[in-house]
Amino acid sequence: MPRSTSYHEKLIQDLKNPLEAAAYIEVVLEEGDPKMLSKALKNVIEAYGGVDLLSAQVKELYDKLDQMLSDKGEIEFYSLNSLLDALGLHLAVTVKQ
């Protein structure tokens with residue numbers, strides 16, 4: 001009998017596809033929950049091989065963002081997102097060409 005895959009394992013497998021990762025982050029951004037953004041970024045990084053595979057510069061940026069999300073519970077980005085929402089606009093995440 002085949003063993004079932006956990007939700008997390010399936011999610012990480014799906015996030016290896018850049019289109020899936022972009023859609024996942026975009027949905028999290030739309031939700032507007034900074035804690036979910038932190039978790040989503042961790043999941044995408046895990047899918048891409050883990051934090052140890054990031055360049056030093058990207059690792060530093062990630063650590064800085066994660067610290068802001070932990071300390072404040074939000075980042076200025078969400079203020080921008082709220083303004084855009086009020087204007088009938090939204091941010092989108094797409095795969096870089």
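The model is predicted: local features need pLDDT of at least 70, side-chain atom pairs count only at pLDDT 80 or more, and totals for chains, interfaces and linings use all residues. Residues are numbered from 1 along each chain as its sequence is written, and side-chain values use heavy atoms, with hydrogens and water left out.

Start with the fold. The protein has 5 helices and 0 strands, where helices (H or I, at least four residues) and strands (E, at least two) are DSSP runs numbered from the N terminus. The order is α-α-α-α-α. The protein has 97 residues, and 28% of them count as buried, meaning under 20% relative accessible area with a 1.4 Å probe, protein chains only.

Now look inside. The largest nonpolar core holds 16 residues. Such a core is a set of buried Ala, Val, Leu, Ile, Met, Phe, Trp, Tyr and Cys residues joined through side-chain atoms within 4.5 Å. Leu-15, Tyr-24, Ile-25, Leu-37, Leu-41 and Val-44 touch the most other members. Helices α1 (7-15), α2 (18-31), α3 (34-47) and α4 (56-72) each supply at least two residues of this core. Helix α3 gives the most, with 6 residues.

Take Leu-41. Beyond its neighbours within four places in sequence, Leu-41 is in contact (heavy atoms within 4.5 Å) with Ile-25, Tyr-62 and Leu-65.

Asn-43 lies in helix α3. Is Asn-43 buried or exposed? Asn-43 counts as buried because its relative accessibility is 3%. Leaving aside neighbours within four places in sequence, Asn-43 is in contact with His-8, Leu-11, Ile-12, Leu-15 and Tyr-24.

Definitions and conventions: Buried < 20%, exposed > 50% of the residue type's maximum accessible area, 1.4 Å probe, protein only.
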